[in-house]
Amino acid sequence: MTLPNKKQFEQYSGDEFGITFVQDQPVSCRIEEVKAGLQPQNKSQNEQFSVVFSCDEKQVFEQGVYQVSHSKMGEFELFLVPVFGDDKGVHYEAVFT
């Protein structure tokens with residue numbers, strides 16, 4: 001499975017993503033930000049970046065690998081870590097190295 005790259009996440013940052021924290025119950029989320037990391041020193045290395053998803057669901061799910069779906073990007077799995085939560089929802093971050 002090929003994961004989307006930074007440019008693809010930036011392109012669809014305003015779109016709705018479904019993240020399945022609980023089996024068969026995807027939660028609606030949006031990209032809060034795409035942050036650049038270190039640039040690769042050669043072409044054999046991947047670009048480093050992170051993506052923060054904002055979810056309206058107030059329950060905090062523990063870090064882990066979750067199914068993510070998008071209407072144009074398809075389905076893929078990401079390791080997500082909860083990084084911020086308040087009464088409006090929770091933010092989860094995926095780091096790409």
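Q: Which residues do ring pairs link into a cluster?
A: In this predicted model, the cluster takes in Phe9, Phe17, Phe49, Phe53, Phe76 and Phe96.

Q: And how many aromatic pairs does the structure hold?
A: There are 9 aromatic pairs.

Q: Take phenylalanine 9 and phenylalanine 53. How are their rings set?
A: Their centres are 6.4 Å apart and their planes meet at 80 degrees, so the pair is edge-to-face.

Q: Where do phenylalanine 9 and phenylalanine 53 lie?
A: Phenylalanine 9 is in helix H1, residues 6-11, and phenylalanine 53 is in strand S3. The pair therefore ties together parts 44 residues apart in sequence.

Q: What about phenylalanine 9 and phenylalanine 96: what kind of aromatic pair do they form?
A: A tilted one. The ring centres are 5.5 Å apart, with 50 degrees between the planes. Phenylalanine 96 sits in strand S6, 87 residues away from phenylalanine 9 in helix H1.

Q: Is phenylalanine 9 buried or exposed?
A: Phenylalanine 9 is buried, at 0% relative accessibility. Phenylalanine 96 is buried as well, with a relative accessible area of 9%.

Q: Switching to the core. Which residues touch the most other members of the largest nonpolar core?
A: Phe9, Phe17, Ile19, Phe21, Phe53, Leu78 and Leu80. The core has 23 residues.

Q: Which elements give two or more residues to this core?
A: S1, S2, S3, S4 (64-70), S5 (74-86) and S6, each of them a strand.

Q: What does phenylalanine 21 touch, not counting residues up to four places away in sequence?
A: Val27, Cys55, Phe61, Tyr66, Leu80 and Tyr92.

Q: Cys55 is a cysteine. What does a disulfide join cysteine 55 to?
A: Cysteine 29, with the sulfurs 2.1 Å apart. A search of the whole structure finds 1 disulfide. Cysteine 29 lies in strand S2 and cysteine 55 in strand S3, so the pair ties together parts 26 residues apart in sequence.

Q: Is that disulfide right-handed or left-handed?
A: Right-handed, because the torsion about the S-S bond of cysteine 29 and cysteine 55 is about 105 degrees. Both cysteine 29 and cysteine 55 are buried.

Q: S3 keeps coming up. How many of its residues are buried?
A: Of the 7 residues in strand S3 (49-55), 6 are buried, so the strand is largely enclosed by the rest of the structure.

Q: Which strands pair with S3?
A: Strand S2, residues 25-36, pairs with S3 in the antiparallel sense over 7 bridges. Strand S6, residues 89-96, also pairs with S3 in the antiparallel sense over 7 bridges.

Q: Glutamate 93, then. Buried or exposed?
A: Glutamate 93 is buried, with a relative accessible area of 18%. The cut-off for buried is under 20%.

Q: What joins the side chains of glutamate 93 and serine 50?
A: A polar contact of 3.0 Å. Beyond four places in sequence, the contacts of glutamate 93 include Lys35, Phe79 and Val83.

Q: Now glutamate 47. Where does it lie?
A: Glutamate 47 is in the loop between S2 and S3. This residue is partly exposed, with a relative accessible area of 31%. Glutamate 47 and valine 27 are 28 Å apart in space, C-alpha to C-alpha, and 20 residues apart in sequence.

Q: Last one: what phi does aspartate 24 have?
A: A positive phi of about 60 degrees, although aspartate 24 is not a glycine. Aspartate 24 is in the loop between strand S1 (16-22) and S2. With a relative accessible area of 69%, aspartate 24 is exposed.

Notes
Residues numbered from 1 in each chain as written. Predicted model: local features only at pLDDT ≥ 70, side-chain atom pairs only at ≥ 80, totals over all residues. Heavy atoms only, no water. Buried < 20%, exposed > 50% of the residue type's maximum accessible area, 1.4 Å probe, protein only. Helix = DSSP H or I, 4+ residues; strand = E, 2+ residues; numbered from the N terminus. Pairing = 2+ DSSP bridges. Polar contact = N/O pair within 3.5 Å; in protein donor to acceptor, adjacent residues only side chain to side chain. Contact = heavy atoms within 4.5 Å. Disulfide = S-S within 2.5 Å. Core = buried A, V, L, I, M, F, W, Y, C linked by side-chain atoms within 4.5 Å. Phe/Tyr/Trp six-rings, centres within 6.5 Å; stacked < 30°, edge-to-face > 60°.
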